[in-house]
Amino acid sequence: MGNPSIQEQLKTISALLPQHEDLQDSLKIQKKILQIQLEIDNTPTKGTTINWNDQTTIITLQQKSFEAKKPIIHFLDQSIFDLEALFPISKKIVYVFIEQNINEKGLKKLLDFMENEKINLFNLIEATLRENIIFIRKIAEKLDVQPALLLYIVSVLIQPCVEEIARKIDSSLLGKWWQASCPVCGRIPIIAKLRHRKRYLACVFCGTEYLSDRFFCVHCENKDPYTLKYLSIEAKPAFQIDFCTKCKHYIKVIDEAKLKETIPKGLEDILTLNLDYVAKNANLIRD
Ligand SMILES: [Zn+2]
Ligand SMILES: [Zn+2]
């Protein structure tokens, strides 16, 4: 369960790069991010002060999560993150985007604010763990950076730890979650998979896959089959776009039995970017 190690994800992405002319930009950025995350992933603590090989930590987190019906990430304290290790890594991530000329001015301001302690990385990590979008938006506005980009940069820092938890939780619990958001990281999935006549929601951030109703909109929790429709993709029978006529959101669906070649875990979203164009043309909303 969970995503493969960062080392394995890097190997996969390097092999895929020459095959996907159309996705070069997205794959190259992803590869650079993985290379940076490798530094965190090569340690048993995954950027924290916790040894994740100790199964009792995972068991306790799982219990809390299932009792409160809240994702595990809500029970991680920001103080477990090792700022001394993560601070230089956060700078490297920011540079990946500066090199791409993405939000250059705002990102340089972010670096400057972090260096001069005008922004506290702990607070940003805390906001990311608690999904405190209001705080992220407030800081993003101050920097003139897109909130989604700021959230992404901080998320990259905590991802190796969250992926490790996803690898280690008891997978039997994933059949009993029945919620839209990921039981580990709390994110709303953009990918669903059909496997053995069942529908699973697949979190591309941490790699968790959990059972879902066949008719279920992850955005508004609509379960009425008459208002949940799908778009099929010409010449690609393994893919469809499930959408909700009530809230207009969609999810990309992969029918595993119809796939010609498997889609590597962690890359499902990037490798189905063409479906997002189809959805956009149909006036559907992603986030
Ligand atoms: Zn997740
Ligand atoms: Zn909906």
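Reader: Are C217 and C244 buried or exposed?
Author: This is a predicted model, where local features need pLDDT of at least 70 and side-chain atom pairs count only at pLDDT 80 or more, while totals for chains, interfaces and linings use all residues. Residues are numbered from 1 along each chain as its sequence is written, chains are lettered from A and ligands numbered from 1 in the order written, and side-chain values use heavy atoms, leaving out hydrogens and water. Buried means under 20% relative accessible area, exposed over 50%, partly exposed in between (1.4 Å probe, protein chains only). On this scale, C217 and C244 are both buried.

Reader: Which geometry does the site of the zinc ion (ligand 2) have?
Author: The SG atoms of C217, C220, C244 and C247 coordinate the zinc ion (ligand 2) at 2.2 to 2.4 Å; donors are N, O and S atoms within 2.8 Å of the metal (3.2 Å for Na, K and Ca). Four donors count as tetrahedral if all angles lie between 85 and 135 degrees. Here the angles among the four donor atoms are 102 to 116°, so the site is tetrahedral.

Reader: Is D269 buried or exposed?
Author: D269 is in the loop between β6 (250-255) and α9 (273-281). Because its relative accessibility is 16%, D269 counts as buried.

Note on methods: Four donors count as tetrahedral if all angles lie between 85 and 135 degrees; four count as square planar and six as octahedral if opposite donors are over 155 degrees apart and all others between 65 and 115; anything else is irregular. Helices (H or I, at least four residues) and strands (E, at least two) are DSSP runs, numbered from the N terminus.
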